[in-house]
Amino acid sequence: MSGTFVGMPAFPKAAHEAVHNQTLRGNLRHATHTIRAKRAKAVAEVSDWAELREAGKQIKDHTLRHLDRYLVQLEESVTAAGGIVHWAADADEANRIVTDLVKMTGESEVVKVKSMATQEIGLNEALEAEGIHAYETDLAELIVQLGKDRPSHILVPAIHRNRGEIREIFAREMSEWGRPAPEGLTDTPAELADAARLHLREKFLRAKVGISGANFMVAETGTMVVVESEGNGRMCLTLPETLISVVGIEKIVPTWRDLEVFLQTLPRSSTAERMNPYTSMWTGTTDDDGPGTFHLVLIDNGRTDTLADEVGRQALRCIRCSACLNVCPVYERAGGHAYGSVYPGPIGAILSPQLRGTASEIDASLPYASSLCGACYEVCPVAIDIPEVLVHLRERVVEGGAVTRDGNKVVLKPAKGHAAERAAMRAARWAFSHPGALRAGQRLASRSRRFHPRSLPGPGKAWSATRDLPTVPSEPFRDWWQRTNGGKDTGK
Amino acid sequence: MSTRDVILGRVRRALADVGQDDTPYKRAVDRGYLPEHGDRSVEQTVDLLAENLADYRAIVHRCEADGLAALIAGLLAERGSTSVAVPPGLDEEWLAATDVTRVADRSESTPHELDQVDSVITACAVAIAETGTIVLDGGPDQGRRRITLVPDHHICVVRVPDQVVSSVPQALPRLDPTRPLTWISGPSATSDIELDRVEGVHGPRTLEVVLVNDRTVSGN
């Protein structure tokens with residue numbers, strides 16, 4: 001994934017620093033609470049939300065189950081419509097393909113629509129290394145790029161910045177990249193949006209190459225769909241002569257009709273709108289309207305490895321709406337940077353360790369970046385059971401086991417630092433399979449309860465530092481059940 | 001082996017555990033959701049379109065067919081527009097009452113030239129009431145995608161009730177995916193500053209939608 005995240009510390013350390021940043025906490029609280037209430041209202045407007053959610057899940061599951069077939073069909077239909085399809089197994093290959101395509105045009109700058117896939121592969125850095133400047137045109141991406149910052153949210157990468165900080169960045173940095181910010185720029189959102197309009201317009205009007213992702217690709221027709229708000233997407237998709245779209249292989253839907261589900265659930269889940277201001281759909285190239293050359297770069301980059309995991313593959317249903325980030329109590333406090341990936345929040349906690357593997361400290365810690373409260377699952381418009389996958393990935397980190405990496409089956413060793421957890425689980429397994437020992441242990445615990453400490457010693461200390469140890473009852477449940485005949489004999 | 005074959009091979013191996021699944025696509029998805037939300041008369045559907053367009057800050061006007069030219073002339077004058085981009089197949093009657101400079105939608109025009117044009121006027125392919133959306137499909141009365149993008153003022157004429165559907169599921173069958181489509185729901189906007197919506201970024205900052213009553217013409 002993006003080089004900007006290399007060497008990130010584990011989640012607990014990064015989050016510990018973030019929660020002490022008062023400005024960040026305030027910005028995130030304000031933004032996530034604003035959108036939460038709005039989303040709930042937008043969803044309540046449609047009485048068949050549960051059915052739409054289920055249909056979205058089924059469409060994605062069906063597609064993933066026959067992904068090879070739909071990929072081939074998509075390739076055929078895009079090609080028939082005048083597009084050129086490329087395949088990339090990993091980030092390096094995708095970056096090489098895109099860089100070569102841009103070089104072939106002879107251009108040294110490109111305009112970009114916000115795209116998670118190109119962030120994931122670190123495309124901007126790869127282009128820069130070859131002397132090609134990539135200009136981000138989404139407002140939040142622009143804020144991140146000008147601020148030499150990292151994205152912290154899927155939909156609004158600059159969510160960690162408030163209007164005052166944004167004004168500061170625009171006033172300071174815009175002149176370095178092109179048209180300076182207007183004199184006397186204030187921090188009202190309308191003025192900030194206007195400054196972005198003026199700054200980017202000259203870039204749109206002269207751009208010869210546009211780079212985008214896509215929200216959906218329709219296999220039967222070869223149609224690409226980009227959902228956006230500002231019109232920067234339309235600019236990049238319409239004005240340049242060459243368009244390069246970099247899209248993950250899981251973004252396929254089988255038929256044109258399937259869009260009727262996602263075009264209802266995506267806007268309401270992401271920006272809490274009935275419909276986003278602009279949606280562009282194009283199929284190959286159109287004579288005399290828009291780019292004359294269209295390249296589609298399909299990327300794997302860990303997706304087929306994720307597909308190989310029976311529990312974890314549901315993460316590939318994700319349509320990148322970011323509703324799970326906005327409701328997550330952990331995300332709200334820790335912020336997006338602590339997740340060490342372009343995919344933060346609950347979905348990032350299950351996606352990053354699967355796309356990248358759990359070898360690094362940050363990726364091994366991500367399945368634990370959750371209280372398992374389940375709010376993410378509740379709001380997910382394609383019903384990804386994020387808590388289920390989190391628990392599954394925790395098990396993999398602790399126990400190790402067979403996984404697929406780069407298409408090969410490998411056996412992971414149990415991770416270091418989880419010895420106490422493993423020992424506790426082993427002890428529990430033994431006790432639960434030996435009823436006599438369990439009973440004796442429970443009685444001993446009940447009788448000695450006056451002497452129980454309030455916190456755990458040794459490796460358990462960190463766990464009980466923020467939790468109360470449960471008090472043990474005076475009599476084990478099974479003894480009480482036997483003594484009172486299931487509670488029938490006495491009131492006590 | 002090509003990367004294409006590598007990826008397809010990985011997909012097939014990854015799915016080895018699911019076994020053969022011969023469920024045809026038609027039966028794989030339970031489409032228990034609604035074709036439209038609520039039960040409305042034709043008039044009510046048009047009213048809902050107007051309401052939802054306005055809710056997302058489009059300026060909505062309604063008129064009869066014989067009042068359209070005067071209305072359009074008024075809108076251009078009010079805006080102070082001196083030039084208007086015109087798709088090749090636009091009904092000439094619509095501009096009969098104005099003398100602003102017409103700028104033809106030509107393939108040779110550069111984006112910079114379009115940036116000098118004050119307004120653009122088009123028809124649409126379909127309008128969706130529940131979401132307050134108009135859809136352009138690049139037809140002769142709508143022109144190339146860029147003419148409705150670069151000028152800052154877009155006037156879009158919707159023939160009601162013929163071009164209006166209730167919902168997204170009703171709109172898709174009326175559209176041709178081989179054409180370049182642009183779905184527009186209000187003027188350009190952003191939620192990127194503190195997740196609050198602000199209108200007016202790169203697309204036309206003013207969107208005016210004219211709902212022209214076409215019932216007598218269509219005989220519907």
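Student: What is the helix and strand content over residues 393-484 of chain A, and how far apart are the end C-alpha atoms?

Tutor: Over residues 393-484 of chain A, 49% of the chain is helix and 11% is strand, while the end C-alpha atoms are 42 Å apart. Helices (H or I, at least four residues) and strands (E, at least two) are DSSP runs, numbered from the N terminus. This is a predicted model, in which local features need pLDDT of at least 70 and side-chain atom pairs count only at pLDDT 80 or more, whereas totals for chains, interfaces and linings use all residues. Residues are numbered from 1 along each chain as its sequence is written, and chains are lettered from A and ligands numbered from 1 in the order in which they are written.

Student: Which feature does UniProt place at residues 393-484 of chain A?

Tutor: The unreviewed UniProt entry places there the feature "domain: Lactate utilization protein B C-terminal"; such annotations, given in the numbering used here with shortened feature names, may be inferred rather than shown by experiment. An unreviewed entry also places "domain: LUD" at residues 73-299 of chain A, a span that is 42% helix and 21% strand, with its end C-alpha atoms 16 Å apart. In chain B, the annotation "domain: LUD", again from an unreviewed entry, covers residues 48-212, where the content is 17% helix and 33% strand and the end C-alpha atoms lie 15 Å apart.

Student: Which domains does the domain assignment give for chain A?

Tutor: The assignment gives domain 1 (3-299) and domain 2 (419-483), with bounds that come from an automatic or database domain assignment. The centres of these two domains of chain A, taken over C-alpha atoms, are separated by 50 Å.

Student: What makes β1 and β3 of chain A stand at the edges?

Tutor: The open sheet of chain A has six strands in the order β1-β10-β7-β4-β2-β3, with parallel pairing. Two strands pair if DSSP finds at least two bridges between them. By that test β1 (84-88) and β3 (133-136) of chain A each have a single partner strand, so one side of each is left without a neighbour in the sheet. From one strand to the next, the twist of this sheet averages 25 degrees.

Student: What is the strand order in the open sheet of chain B?

Tutor: The order of its six strands is β1-β12-β7-β4-β2-β3, with parallel pairing, and the edge strands, each pairing on one side only, are β1 (59-64) and β3 (101-104). Strands β2 (residues 83-86) and β4 (residues 119-122) of chain B are joined by two bridges and run parallel, with B:Val84 opposite B:Ser119. Helix α4 (residues 68-79) of chain B packs on the sheet, touching β1, β2, β4, β7 and β12, and its direction makes about 165 degrees with that of β12(B).

Student: How many residues of each chain are in contact with the other chain?

Tutor: 80 residues of chain A are in contact with 63 residues of chain B, where contact requires C-beta atoms, placed from the backbone, to lie within 7 Å. Helix α10 (residues 189-206) of chain A supplies nine residues, the largest share of the chain A side. Strands take part in joining the chains as well: four bridges connect β9 (residues 278-283) of chain A to β9 (residues 181-184) of chain B, which run antiparallel, and A:Met281 has B:Leu181 as its bridge partner.

Student: Why are α4(A) and α1(B) called roughly antiparallel?

Tutor: The axes of α4 (residues 67-80) of chain A and α1 (residues 3-14) of chain B come within 9 Å and cross at roughly 155 degrees. Axes are lines fitted to C-alpha atoms, for helices over the stretch in contact, and angles run from 0 to 180 degrees between N-to-C directions. Angles under 35 degrees count as roughly parallel, over 145 as roughly antiparallel, 65 to 115 as roughly perpendicular and the rest as oblique; the two helices are therefore roughly antiparallel to each other. The contact is made by A:Leu67, A:Asp68 and A:Leu71 of α4(A) with B:Leu8, B:Val11 and B:Arg12 of α1(B).

Student: Where is B:Pro161, and what is the peptide bond from B:Val160 to B:Pro161, cis or trans?

Tutor: B:Pro161 is in the loop between β7 and β8 (164-165) of chain B, and the bond is cis, with omega near 0 degrees. Most peptide bonds are trans.

Terms used: Contact = placed C-beta atoms within 7 Å.
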